[in-house]
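Here's a quick tour for anyone opening this structure for the first time.

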Amino acid sequence: MRKESHLVEETVDPMVPRPFVVRESREETRDAFTLTLEPQEANGAPAFEPGQFNMIYVFGVGEVPVSISGDPRQPEVLVHTVRAVGGVTRALQKLGPGDIVGVRGPFGSAWPVDKAKGKDVVIVTGGIGLAPLRPAVCQILGQREKIGKFALLYGARTPKDILYREQLGQWRSNLDLQVRVTVDNATRDWYGTVGVVTILIHKARFDPANTIAMVCGPEIMMRFVVQELIKERMREQDIYISMERNMKCAVGFCGHCQYGPNFICKDGPVFRFSDVRHLFGLREI
Amino acid sequence: MEKIKDLLMQHPFFKGLPKERLDLLAGCGSNIHFKKGECIFKMGEESNHFYIVRKGRVSLEMDGAQHGPIRVQTIEEGDILGWSWLIPPHKWSFTAFAVEDVNVTALDGQCLRRKCEEDHDLGYELLKRFSAVLAKRLEWTRMQLLDVYGANA
Amino acid sequence: MKILERNNFHRLFDVLKESGFDIIGPTLQDQAIVYDHLEGVEDLPEGWTDEQAPGKYRVKKRNDKALFGYVVGPTSWKKFLYPPRQKLWSAQKAGSGFEVAAEEGVPQKMAFLGVRSCELAAIAVQDKIFCGGSFVDPHYKKRRENVFLAAVNCAEPKGTCFCVSMNTGPRALGGLDLSLTEMIEGERHYFFLRSGSAEGEKVLSRLPLKDAEGGQQKKEDALLEEARRHMGRAMDTRDIKRLLYDNPDHPQWDKAAERCLSCANCTMACPTCFCSTVEDVSDLTGEHAERWRKWDSCFSLEFSYIHGGNVRQSTKGRYRQWMTHKLASWQDQFGTSGCVGCGRCISWCPAGIDITEEVKAIRADQPARAESP
């Protein structure tokens, strides 16, 4: 560790955020909202891959990891859908156009969109879990001809909790995208499906032997979904999940996000199920 | 009658039942159409049918007092609707509505119960199939109870 | 190999100071031998030693005037390379936004005097964590690049030492600038010195040294061989990764959890434990904000908090996480064990939980594995 060998360039501190301007804040549901951010400096927003996340800092309040939910084909802005559940996310909720936040990232692994070429894709998400998968949907739709059958299965708590209603409607009008939405319970003004998201899997059209599944939602929900996919004869190595753990630094220094030998921040959040199946059922891991 | 038998033969629920049993079942069957908004059965009423949904969406509802009726599950094309006919006291546990125009094949539960009593092998085959439906519903209900997307989840 | 007489030992301090180093080394404070800034030889714990056992650490007088006649205490060098509480940056409100000023303080050159072989290994482990991956921590790196490592070979291991098992000692080998072996033969008191780097060579060249004579090497070898045979503890590390990965539900975790207070002493004393938390703070005017990094521990409940609850709610879950990380998953993460056999976690555990005994207990009821070829 002698200095001479490192003199070439000064190390950039990965803990220092870059300023971004809020261009738009849009209410999605009663507790979720979508921020559109533009870099304050001229050098553009960083390119990202679907599934990656940023650390977003509110001046003087704190920093949280939030997955990127924008369209990777529009890299000039950063889009984040956030659920207001804690101090920092509630502070983010209060921001409006012109306000400044700090951004570090993008960090983490990506959905295997490239691996899906020539295969069917089934996306199973629940709750806010649709947000980190929206970039993958956008990317796949941008290269639709390279993918076989494509199903998006989404479960929400109630009809009021459905994210991206408008866009789901547009996607649904694509004849080659099966969009199925279900809610856990509803009142009579909901004419759609009621029931847990796993009920949609059996009815989606895809060839289990030649499909990539991307699953994102609460850990319990993913457990049931993976079980159901395997029951449908999908192979464990074709299933991808996105994991969540406490995260403080996002660069592998703080140790908080360990999941067995993995750091969720750099080895995840997206994992191939067959790589983590031995951890998936363990308590307190 | 032949049409109903064909339908039963193709349905995964009846997969593996011998031909003569399917004949028996088809003999208890009839095709029914429910208009959008129509009540198919009401909670607490006597249950004498089960249905194979051929088209459309049916909702199972409970009255949530101040919340009004709550839809707890929808039953859709290809699904089996109704198990109360099989299990005493043969009363519906939920209310079922046609969310949209619905076509079903209805099987007469009274007739089936009689046939099952006479032919325990048939009874066993049906119970086996309905317990799978019930187990699935129980699993889904438990998942709903977990309220995994809820504010405190 | 060179020889420095005890009565010339102060010259090492002089040379290091003249070279601009802040000297940090062992000193007696609050009845423990800790690492702190040293002015001169007189700050070293001359004539002191320590006694260590599970849950026990005591200093006591020696019969001689050895300067390094003890092993490792409650502190480790990590607090100087990776401070327990460190400002990462500060920010000032500016218009609708804010400006971040990175914390650029150029750290003083530090000379660590009296680094043990297990501690060299620990520093090498932390080098991998903070400088060896896709991200580099500039705060650690800056400090680390300015450190001179003067190691001391361990001649008298204590009750909780097991560096031999972890293959990290007792002889200090790589990654050092200078190594010393303290020799006391009746009235004669001197040091064998070796340089391990160009910087070390420079320091050596300015000391009043004699060449070691033939045969003296044997004396040092014998001393360290003796040390090797007197480890207070041992750990069977064969296939240890598999052993722990295969036993997440072993009843021994419950037994350890019955004793463990979840106090985090082991992680604070451990020279490789690196977990931290990041705190963003602001002043009362709301104009000024800072980001701080503080040591954290996987033994705290909040460590695993995600929205809705804590993942590791039980002491069992936390102890299992710590030990499995230290001995098994660390290998997958950094290509090395997280344990260097220094024994601190054993001595400083108020309940006297002994990591070597825990491994032994889990191993005890494993079916014998075929020896790998």
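**Helices with a buried face**

In helix α2 of chain B (residues 19-26), the buried residues are Arg21(B), Leu22(B), Leu25(B) and Ala26(B). Look down the axis of α2(B) and these buried residues fall within an arc of 140°, so they line one face of the helix. Keep in mind that this is a predicted model.

- Helix α9 of chain C (residues 251-259) has its own buried set: Gln252(C), Trp253(C), Ala256(C) and Ala257(C).
- Those residues span an arc of only 140° around the axis, which puts them on the same side of α9(C).
- What lies over the buried residues of α9(C)? The cover includes α8 (240-245), α11 (315-334) and α13 (355-364), which belong to chain C.

**Where chain A meets chain C**

- On the chain A side 44 residues are in contact, and they meet 64 residues of chain C.
- For chain A and chain C, the buried area is about 4,500 Å², with 57% of it on carbon and sulfur atoms.
- There are 18 residue pairs in polar contact between chain A and chain C, counting pairs with both residues at pLDDT 80 or more.
- Which elements of chain A give two or more residues to the side that touches chain C? They are β4 (62-67) and β6 (100-107).
- β6(A) gives the most to that side, with five residues.
- Sorted by class, the side of chain A that touches chain C has 20 nonpolar, 12 polar and 12 charged residues.
- One salt bridge is found across the interface of chain A and chain C.
- That bridge pairs the side chains of Glu63(A) and Arg291(C), at 3.2 Å from N to O.
- Glu63(A) and Arg291(C) also belong to a network of salt bridges, together with Arg104(A) and Asp280(C).

**Salt bridges within chain C**

- Over all chains, the salt bridge count comes to 60.
- Lys17(C) pairs with Glu39(C), and their closest N and O atoms are 3.8 Å apart.
- Lys17(C) sits in helix α1 (residues 10-18) of chain C and Glu39(C) in the loop between β3 (32-37) and β4 (48-53) of chain C, so this pair ties together parts that are 22 residues apart in sequence.
- Lys17(C) is partly exposed at 39% relative accessibility, while Glu39(C) is exposed at 54%.
- Lys141(C) and Glu145(C) form another salt bridge, at 3.7 Å from N to O.
- Both lie in helix α4 (residues 138-145) of chain C, and because they are four residues apart there, about one helical turn separates Lys141(C) from Glu145(C).
- Are these two buried or exposed? Lys141(C) is buried, and so is Glu145(C).
- Arg171(C) bridges to Asp221(C), with the closest N and O atoms 2.6 Å apart.
- This pair links distant parts of the chain, 50 residues apart: Arg171(C) is in the loop between α5 and β10 of chain C, and Asp221(C) is in helix α7 of chain C.
- Arg171(C) counts as partly exposed, at 24% relative accessibility, and Asp221(C) counts as partly exposed too, at 32%.

**Spots in the loops**

- The loop between α5 (163-166) and β10 (178-185) of chain C holds Thr168(C), which is buried at 14% relative accessibility.
- Leaving aside residues up to four places away in sequence, Thr168(C) touches Ser117(C), Cys118(C), Ala121(C), Cys163(C) and Val340(C).
- Gly192(A), in the loop between β9 (178-183) and β10 (193-194) of chain A, is buried with a relative accessible area of 15%.
- Which residues does Gly192(A) touch, not counting those up to four places away in sequence? They are Arg57(B) and Thr74(B).

**Backbone details**

- The peptide bond from Gly268(A) to Pro269(A) is cis, with omega near 5°.
- Pro269(A) is in the loop between β14 (262-263) and β15 (270-272) of chain A.
- Gly169(C) and Pro170(C) are also joined by a cis peptide bond, with omega about 5°, and Pro170(C) is in the loop between α5 and β10 of chain C.
- Ala250(A) is not a glycine, yet its phi is positive, at about 70°.
- Ala250(A) lies in the loop between β12 (239-242) and β13 (258-259) of chain A, and is buried with a relative accessible area of 1%.
- Asp239(C) has a positive phi as well, near 55°, and counts as partly exposed at 46% relative accessibility.

Methods: Residues are numbered from 1 along each chain as its sequence is written. Chains are lettered from A and ligands numbered from 1 in the order in which they are written. Side-chain values use heavy atoms; hydrogens and water are left out. Contact means heavy atoms within 4.5 Å. Buried area is the accessible area (1.4 Å probe) that two parts lose on being put together, summed over both. A salt bridge is a side-chain nitrogen of Lys or Arg within 4 Å of a carboxyl oxygen of Asp or Glu. A polar contact is a pair of N or O atoms within 3.5 Å; within protein, one must be able to donate a hydrogen and the other to accept it, and residues adjacent in sequence count only if both atoms are side-chain atoms. Ala, Val, Leu, Ile, Met, Phe, Trp, Tyr, Cys and Pro count as nonpolar, Asp, Glu, Lys and Arg as charged, and the others, Gly among them, as polar. Buried means under 20% relative accessible area, exposed over 50%, partly exposed in between (1.4 Å probe, protein chains only). The arc is that of the directions from the helix axis to the C-beta atoms.
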